[in-house]
Each structure stands twice: as C-alpha cells, then as structure tokens.
Amino acid sequence: MPRWSDYTTGERIKILRGKSIRQSDLAEMTGLSLPTIQHAEQDKRLTLQTLLLIANALGVDTSVVLGQTAPRRTMEHDDRAMMRNLSRAVHDIAAGELPDDAAAPGPDEIAAGCSHCWDLYWAGRYVEAGALAAPLLGEAAARLHEQPADERARAWGLLADGYRLAGYVANLMGARDLAYAAIGHAQAAAEKAGDDLRQALVMSGRAWVYLRDARLPEALALAERAATDIEPRFSKATTDQLVAYGSHINFAAVVASRAGDKERVRDYLSQSHATGARMGEEARAHGTVFGPVTATTQAVGINVALGQTGKALALMKDITPDHERTLAEASLHRYAMDKAMAQADAKMWDASLDTLEQALVKAPQWARHQALPSIIVQKVGRASTARLRRVSELIGATGRGAGPTAFLPATPRTAL
C-alpha cells in the first residue's frame with residue numbers, strides 16, 4: 001500500500017474528498033469554480049488560496065493535503081468537520097469567547113442535553129455526540145456567564161460535563177491534544193463546582209486519555225484514585241452512586257490488566273462484580289453505564305489482556321443473548337471485539353473471524369473508530385482465505401496515519 005506522501009497533491013485531494021463529495025460539491029463548498037477543482041485534482045494548477053480553501057472545506061490541515069502529514073484512516077469528511085468545530089468550541093470557550101448566538105437555557109435543559117449526548121455516545125454514534133457537544137459547551141458557558149458569582153456551582157458542574165464529553169469524543173477519535181485540553185478544562189471546572197463526584201469522573205477520564213497515550217503507570221494511579229475517592233457505603237448507596245463506583249473500579253481493573261498487574265486486577269474485579277450484584281441490573285448515570293452484565297463482559301476483555309484465554313472463554317459461556325440485549329450498544333460491540341480476540345488467542349480462527357465479521361456488519365460506523373479489528377486480523381493465523389479477505393475489506397486499508405496530533409498506534413495493551 002502506498003504511503004500518503006507517495007500520492008500527488010491532486011490524488012490526495014481526491015482521496016480526501018471521497019465518494020460522498022463530488023467535484024461540483026467541493027466547488028460549492030469552497031466558492032471556487034468547477035474547473036479550478038478539476039485542475040487541482042489533475043495537478044495542473046493549485047494556488048495557495050485554492051489550497052487553503054480546499055483544506056478548510058475538507059476539514060484538514062494544509063499539511064495533510066500536501067502530504068507532509070498523513071490523515072487518520074478512520075476520519076471521513078463529516079468526522080473532520082465535527083472535530084474542527086469541537087476543537088474551536090473547546091478552545092474558544094476556555095479563552096472566555098462565547099459564540100455570538102449562544103443561548104443560556106436553564107440548568108435542567110442543559111443537563112438533559114448532556115444526557116442525550118451521552119446516550120448517543122453509548123450508542124456508538126460518536127460523530128453525532130461530538131457535533132452536539134460543541135453547542136452544548138456554548139450553552140453551559142452562557143449559563144455560567146449569566147449566573148451571579150455566588151450561584152455558579154451548578155453552572156460550573158454543567159460546563160465540566162460538557163468538557164468531559166468533548167474529551168471523551170476527542171480521545172476516541174484519536175485527537176490527543178484536544179483530548180488533553182478538554183479533560184484539563186473539565187478538571188478546572190469540576191474543581192470550581194466543588195463536586196467530588198464530578199472530579200472523580202474527570203479523573204477517570206484523564207486516566208483513559210493516559211491509557212490511549214500509552215502512559216500506563218499514570219493511568220493506573222489516576223484510575224485507582226478516582227475509584228477510591230467515590231467508594232460508597234453499599235448499605236446506603238443509591239443506584240447512581242453504584243453506577244459511578246462500579247464503572248470506575250472496573251476501569252481501574254482494565255488499566256491494571258494493561259499493566260499486567262494480576263493481583264490488582266483480581267481485587268478490582270472482585271469489587272466490580274460485587275457492585276454489579278448489588279445493583280442487579282444495568283443502569284446509566286453521570287455519562288456512564290454499569291451493571292452485572294457490564295462487569296462480566298468487561299472481565300472477558302480484561303482476562304484477554306492478561307493472556308488468560310481459558311478464563312475469558314469460561315466467562316463467555318455464562319453470557320447469554322438475553323444478557324447481551326441489556327448492554328449499551330457500544331458496550332455490546334466492544335464485547336464482540338473482546339470475544340473475537342479471545343477466540344483468536346485460542347486459535348479458533350474461523351470462529352474469531354465470524355464474530356468479528358458479524359460485529360463489523362452490524363455496526364460499521366462504530367467499527368470505523370476502533371483499533372481492535374485490525375489487531376484481531378493480525379492475530380488470526382490459519383483461517384478461511386475468503387473469510388479473511390471479507391473481514392479485511394470491511395475493516396478497510398490497514399495502517400493508521402500518526403500525525404503530530406494523533407495518538408501512538410494502538411496495541412492490544414492500549415486499544416480501548
């Protein structure tokens with residue numbers, strides 16, 4: 001497969017435009033004439049102004065068009081446009097610049113909007129969640145601006161929620177610098193809100209950013225602190241408190257598994273399962289999802305990460321289709337990836353590809369933003385050539401561009 005720099009500038013423009021944007025569409029988006037777009041793609045003539053307009057319309061830096069930086073494989077035009085708008089919202093609002101049309105709805109309305117964004121996120125609709133996170137940040141900032149100085153705690157909390165959502169979307173999309181910036185602004189806002197739970201949620205979010213950036217010791221330390229800070233008394237804990245604690249302690253187990261710390265993993269998984277058993281069913285709260293099925297399905301991936309394939313396969317036998325139907329969509333798809341990984345490790349080549357293929361066909365938009373499918377295919381050895389070819393085509397071209405704002409290439413330890 002050619003490197004990004006091997007293509008001509010015109011070929012790169014055509015690739016970035018993709019099948020969904022015609023040359024005439026790009027002409028309209030840039031305000032340029034159709035012949036100008038055609039000449040650019042034919043490498044006949046490309047002025048600096050034309051380059052700037054095309055890069056802006058396609059949602060990429062000029063360095064990507066010129067071949068100096070490779071684009072991330074999963075990024076389509078809508079993805080890039082969403083990320084650019086989200087980045088502007090995060091940085092502008094942190095600098096105190098509110099959008100001219102920013103409304104200041106009531107706190108309950110902003111909270112409902114944030115909850116809707118998290119529903120989209122857990123349904124695997126990351127681009128939609130990110131697209132709504134930008135105006136949500138504007139509304140939260142406008143509400144904060146209108147509140148009297150002594151009544152701003154809740155407004156700061158809502159702003160922290162908006163930044164955390166932006167950080168999660170950026171982290172998943174591989175935008176490292178934006179993920180760090182958004183989670184940092186979320187931390188500052190949560191501290192001003194004086195809300196211990198929100199601070200723990202943000203801390204756990206930062207741990208996830210560290211994990212994706214291969215900073216395992218820092219990720220583990222933060223994940224442990226986040227869980228410890230909100231550990232409830234089970235006899236008095238509300239469902240919301242149990243959701244927050246369960247998801248945090250489970251994430252600490254995930255990070256510990258990536259660090260290969262089996263003793264910590266056993267301790268955290270024990271607490272995770274106890275929390276799930278106390279709850280009795282799946283529940284959502286504070287932008288996260290947890291329950292007894294989540295505890296078990298995530299334990300599958302944790303054991304895979306530790307190389308304990310037998311334990312992972314044993315856990316999979318206890319998870320029924322009825323159990324799977326209680327999971328959030330993104331959690332269900334992730335479980336399918338972990339299941340396929342366990343099967344690959346057990347040299348169940350065809351079963352692994354069957355599981356992976358079903359997940360890719362069922363959730364193609366979700367799968368575009370995941371690193372595990374490519375890793376699973378790399379693990380698969382002797383399998384049906386036709387099946388392997390089908391799955392590879394569903395995943396798309398192998399290899400991920402790693403420009404200056406991209407995360408390090410994902411590995412089984414950091415892919416999450």
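**Terms and their cut-offs**

Mentor: Leaving aside neighbours within four places in sequence, H333 is in contact with K362, A363 and W366. This is a predicted model: local features need pLDDT of at least 70, side-chain atom pairs count only at pLDDT 80 or more, and totals for chains, interfaces and linings use all residues. Residues are numbered from 1 along each chain as its sequence is written, and side-chain values use heavy atoms, with hydrogens and water left out.

Trainee: What makes K362 a contact of H333?

Mentor: Contact means heavy atoms within 4.5 Å. K362 is in contact with H333.

Trainee: Why is H333 called buried?

Mentor: Buried means under 20% relative accessible area, exposed over 50%, and partly exposed in between (1.4 Å probe, protein chains only). H333 has 7% relative accessibility, so H333 counts as buried.

Trainee: Where is H333 placed?

Mentor: H333 lies in helix α18, residues 329–345. Helices (H or I, at least four residues) and strands (E, at least two) are DSSP runs, numbered from the N terminus. The protein chain has 22 helices and two strands.

Trainee: Why is the protein chain called as compact as a globular protein of that length?

Mentor: The radius of gyration is taken over C-alpha atoms, and the globule rule is 2.2 Å times the number of residues to the power 0.38. The protein chain has a radius of gyration of 22 Å, close to the 22 Å that the rule gives for 416 residues, so the chain is as compact as a globular protein of that length.

Trainee: Is N303 buried or exposed?

Mentor: N303 has a relative accessible area of 6%, so N303 is buried. N303 sits in helix α15, residues 292–305. Beyond its neighbours within four places in sequence, N303 is in contact with Q308, T309, K311, A312 and L315.

Trainee: What makes a nonpolar core?

Mentor: A nonpolar core is a set of buried Ala, Val, Leu, Ile, Met, Phe, Trp, Tyr and Cys residues joined through side-chain atoms within 4.5 Å. The largest one here has 107 residues, and Y121, L159 and V169 have the most contacts inside it. Helix α9, residues 153–173, gives the most to this core, with 13 residues. A second, separate core of 17 residues includes L26, A27, I54 and A57.

Trainee: Which residues does L159 contact?

Mentor: Leaving aside neighbours within four places in sequence, L159 is in contact with I93, L137, A140, A141, L144 and A189.
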